[in-house]
Number of protein chains: 4
Amino acid sequence: MDPQFDVFKSIIEDFIPFHKIIGFKLLEARENFVSLLIPYRPELIGDVRRSSIHGGVIATAMDAVGGAAAITTLKHENDKLSTIDLRVDYLAPGQARDLITEGTIVKSGSKVIFTRMIAYHDNRENPIAEGRGVYSVSRTKPV
Amino acid sequence: MDPQFDVFKSIIEDFIPFHKIIGFKLLEARENFVSLLIPYRPELIGDVRRSSIHGGVIATAMDAVGGAAAITTLKHENDKLSTIDLRVDYLAPGQARDLITEGTIVKSGSKVIFTRMIAYHDNRENPIAEGRGVYSVSRTKPV
Amino acid sequence: MDPQFDVFKSIIEDFIPFHKIIGFKLLEARENFVSLLIPYRPELIGDVRRSSIHGGVIATAMDAVGGAAAITTLKHENDKLSTIDLRVDYLAPGQARDLITEGTIVKSGSKVIFTRMIAYHDNRENPIAEGRGVYSVSRTKPV
Amino acid sequence: MDPQFDVFKSIIEDFIPFHKIIGFKLLEARENFVSLLIPYRPELIGDVRRSSIHGGVIATAMDAVGGAAAITTLKHENDKLSTIDLRVDYLAPGQARDLITEGTIVKSGSKVIFTRMIAYHDNRENPIAEGRGVYSVSRTKPV
């Protein structure tokens with residue numbers, strides 16, 4: 001049992017109400033990296049003709065894993081984090097299947113954290129979307 | 001009764017499953033402009049300490065009004081639209097209240113449509129988020 | 001004579017070496033707003049077929065006016081500023097003519113400043129490019 | 001001798017007037033990838049205190065390698081390309097040294113091409129900036 005995994009599982013799956021509506025499941029959480037699963041459900045569809053998951057679900061998942069990856073860099077429980085900006089490139093229409101989203105730290109500074117994200121069905125080399133998130137951080141101790 | 005309003009109301013509120021989960025309500029739809037209401041519900045919260053709506057809800061609403069504004073520029077039912085990219089600047093934490101999101105056409109070209117979006121509680125001059133969306137369009141007739 | 005104008009003129013036109021190569025001329029500087037002129041020169045061309053100014057010149061001018069607008073919010077000479085990110089939407093090809101670029105504060109916070117920028121030939125309502133800049137600020141006194 | 005290299009060298013170094021002012025040198029050009037060198041010169045400085053290269057030079061180089069990488073996907077001389085949008089994340093201040101910029105195709109579609117870019121001094125794993133470019137393409141033959 002990995003206590004850090006359990007903490008992040010609780011944050012991603014239970015603590016944030018909007019995540020429960022979507023049904024995110026934590027896959028992995030380690031320093032500088034978090035991934036989650038979006039189990040396919042018809043309620044998540046954005047484009048009915050293609051039965052593909054709504055771009056907003058993908059944007060939400062990207063902010064979730066980017067923010068969670070940023071949280072892995074925090075050293076103190078009073079450190080605070082907020083999203084400055086989020087950008088998503090939609091590379092290909094999604095299919096009516098589960099999606100995986102990964103967030104990775106690009107640069108963790110004393111005041112600003114940069115992250116990159118991808119979303120894919122089963123092949124990380126063939127993502128349907130890529131994103132970037134920038135987060136403002138207040139650290140109680142310097143990095 | 002405005003038939004165009006009813007068409008967009010149906011698209012925003014009924015046709016797209018993920019919008020129903022969030023509870024979007026169409027406010028206005030006219031050429032180059034669409035706005036919607038996100039009625040406050042605890043299920044939409046992203047930051048429990050502040051009871052503020054999840055950034056992903058805001059991103060979803062921005063893609064919804066940006067895409068709907070883009071649809072107002074289409075002239076033929078076979079015209080097709082897909083989101084190329086979406087960017088959201090989070091200017092201030094939201095409050096536990098209703099949110100309004102507006103999407104406006106910046107430039108409607110023959111192949112690419114640029115939109116800008118804002119989200120605010122009750123004062124358009126004091127938005128909590130601003131966004132940009134770029135859409136690819138296939139027009140059956142030239143603009 | 002406006003002493004603030006002269007300070008910004010010196011920053012934009014003389015202090016920054018790369019601005020001198022391009023030939024930026026300050027047009028206006030007041031709280032939350034800075035504009036500059038890019039006088040047309042063949043050396044600035046990016047697309048030879050259209051004789052239009054290079055997108056990089058426009059991006060440079062946008063970072064210049066966004067950063068200068070951010071400087072107008074500083075209250076102390078030891079305050080420090082750096083660009084977090086810059087985004088430019090290229091709405092239309094430019095022409096072989098002078099360009100004006102304007103930067104406006106969207107939100108000036110204690111740690112992060114958001115700006116928006118436009119570039120146009122002679123009609124602000126018909127820009128050829130729009131941009132957003134986000135800046136990190138270290139303020140010696142709280143806002 | 002690689003004829004494709006010579007064509008891209010001519011495009012990057014000679015054909016585009018604004019590139020000559022900056023002094024870009026092509027390093028590599030192959031399918032889906034282009035890199036260039038920005039030889040350090042005091043005229044390129046943006047931040048005099050740190051003697052670091054102007055963010056606009058980096059943005060220009062990123063648009064150059066992103067656009068050139070997009071050109072490597074073209075199959076016909078009448079194919080046309082234009083920049084839709086450009087985004088740069090400034091991860092760390094640059095130093096008074098040469099910079100390398102690389103552009104890689106993320107997704108090359110029939111109408112839209114997505115690219116990613118990085119800029120670094122000598123260690124690709126430690127970039128000072130990362131970027132994304134989206135390009136509109138008119139292909140005379142389908143991909």
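These are my notebook entries on how the chains of this predicted model meet.

Conventions. Residues are numbered from 1 along each chain as its sequence is written, and chains are lettered from A and ligands numbered from 1 in the order in which they are written. Local features need pLDDT of at least 70 and side-chain atom pairs count only at pLDDT 80 or more, while totals for chains, interfaces and linings use all residues.

Entry 1, chains C and D. I looked up helix α3 (residues 55-71) in chain C and in chain D; the two pack at about 150°, with axes 8 Å apart. Helices here are DSSP runs (H or I, at least four residues), and strands are runs of E of at least two. Axes are lines fitted to C-alpha atoms over the stretch in contact, with angles from 0 to 180 degrees between N-to-C directions. The pair is therefore roughly antiparallel (over 145 degrees). From α3(C), Gly55(C), Gly56(C), Ala59(C), Thr60(C) and Asp63(C) make the contact, and from α3(D), Gly55(D), Gly56(D), Ala59(D), Thr60(D) and Asp63(D). Contact means C-beta atoms, placed from the backbone, within 7 Å.

Entry 2, chains C and B. I found 8 residues from chain C and 8 residues from chain B in this contact. On the chain C side, β5 (80-90), β6 (99-108) and β8 (129-138) each give two or more residues.

Notes: Angles under 35 degrees count as roughly parallel, over 145 as roughly antiparallel, 65 to 115 as roughly perpendicular and the rest as oblique.
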